[in-house]
Amino acid sequence: MKGLKKVTVDREAIRKRLKSLKNLPTMPGVFQEINKSIQNPETTAEDIAKIISSDQALSAKILRIVNSVLYGFPRRISNIRHALIILGFDVVKGLLLSSSVFDIMLARGFLGLWQHSIGCAISAGVIAKKLNMPDPEEVFVAALLHDLGKVIIKLELPEESLLIEQKVIDNQISIYEAEKDILGFTHATVGKWLCQEWYLPNKLAYPITYHHRPNLSEFAIQSTAVVHVADSLVRGIGFGFAGDNFVPKIDNRAWDILGISDPLLEEIIREIDEKLDSAENIYPENGPDI
Ligand SMILES: [Fe+2]
Ligand SMILES: [Fe+2]
């Protein structure tokens with residue numbers, strides 16, 4: 001490729017580097033405390049609620065995401081204990097991670113990716129609810145985290161990131177393809193490593209890992225298909241920026257699994273549009289306009 005130097009990437013070395021990172025730079029201390037506590041069989045939901053609530057700023061952020069983005073109106077869930085009861089521990093754990101990842105996105109100016117993640121989560125939540133899936137909140141959180149590998153690649157591999165961005169522009173290919181070319185692996189694989197590091201349950205890990213290749217997912221097949229479709233829809237709608245301007249073709253198997261009729265698709269898109277319009281209230285103080 002013209003103008004770009006050849007970079008050899010040692011996949012194993014990068015994997016080790018990401019693993020030795022242990023946690024994202026701003027990963028809250030409470031996350032480690034929770035991971036320790038849940039290994040003790042005597043730990044109760046009450047104990048976990050206390051640990052999370054001890055970080056007030058973090059608790060407020062999680063409740064804000066839940067109430068304004070997930071449910072679309074304020075204070076449906078008033079505290080962390082309530083969130084744990086209604087949403088379950090896995091969803092709250094995913095929200096804790098999302099909050100840290102979003103802090104990094106905002107601090108580093110990855111606003112397009114932040115919007116894309118929120119847009120994908122909103123879209124996935126709408127689809128999951130319309131399909132009467134049993135745990136739309138889980139699908140929502142998986143979508144919130146689906147591209148977290150991109151954040152890590154940007155942070156940990158800045159030089160390669162620039163090459164990836166350039167390759168997207170020069171070759172008119174998707175960021176997924178450019179990552180594969182430059183790194184030999186993609187943000188979906190990095191997401192998979194991180195899910196393993198953080199002991200995220202399979203119902204979150206599979207949609208994150210297979211959101212570009214839903215046909216390969218052997219678990220949480222429906223949730224994976226929803227996150228895949230939501231990713232394409234939110235790109236098609238033009239909300240946020242996922243690293244390229246392509247709207248990936250929806251995988252046939254994912255489409256078959258969901259079985260969305262044309263009228264239902266219209267309804268879904270209408271509702272996603274409305275929700276994205278009102279998503280402004282989740283922006284931080286003095287945040288950017290959409
Ligand atoms: Fe992705
Ligand atoms: Fe995405």
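## Packing of α7 and α14

In α7, the residues H116, G119, C120, S123, A124, I127 and A128 meet V226, V227, V229, A230, D231, L233, V234 and R235 of α14. Contact here means heavy atoms within 4.5 Å. By class, the contact holds 10 nonpolar, 3 polar and 2 charged residues. Ala, Val, Leu, Ile, Met, Phe, Trp, Tyr, Cys and Pro count as nonpolar; Asp, Glu, Lys and Arg as charged; the others, Gly among them, as polar.

What is the angle between α7 and α14? Helix α7 (residues 111–130) and helix α14 (residues 221–237) pack at about 125°, and their axes are 8 Å apart. The two are therefore oblique to each other. Angles under 35 degrees count as roughly parallel, over 145 as roughly antiparallel, 65 to 115 as roughly perpendicular and the rest as oblique. The crossing of α7 past α14 is right-handed.

## Basis of the model

The model is predicted: local features need pLDDT of at least 70, side-chain atom pairs count only at pLDDT 80 or more, and totals for chains, interfaces and linings use all residues. Residues are numbered from 1 along each chain as its sequence is written, chains are lettered from A and ligands numbered from 1 in the order in which they are written, and side-chain values use heavy atoms, with hydrogens and water left out.

Just after α7, N132 takes a positive phi of about 55°. N132 sits in the loop between α7 and α8 (136–145). It is exposed, at 67% relative accessibility.

## Two buried residues

H187 belongs to helix α12 (residues 187–197). Its relative accessibility is 0%, so H187 counts as buried. Beyond neighbours within four places in sequence, H187 contacts H146, D147, G149, K150, I153, Y176, E179, H211 and H212.

L157 lies in the loop between α9 (148–156) and α10 (158–171). L157 is buried too, with a relative accessible area of 2%. Its C-alpha atom is 9.7 Å from that of L183, 26 residues away along the chain.

Conventions. Axes fitted to C-alpha atoms, helices over the stretch in contact; angles between N-to-C directions. Helix = DSSP H or I, 4+ residues; strand = E, 2+ residues; numbered from the N terminus. Left-handed = near helix turned anticlockwise from the far one by under 90°. Buried < 20%, exposed > 50% of the residue type's maximum accessible area, 1.4 Å probe, protein only.
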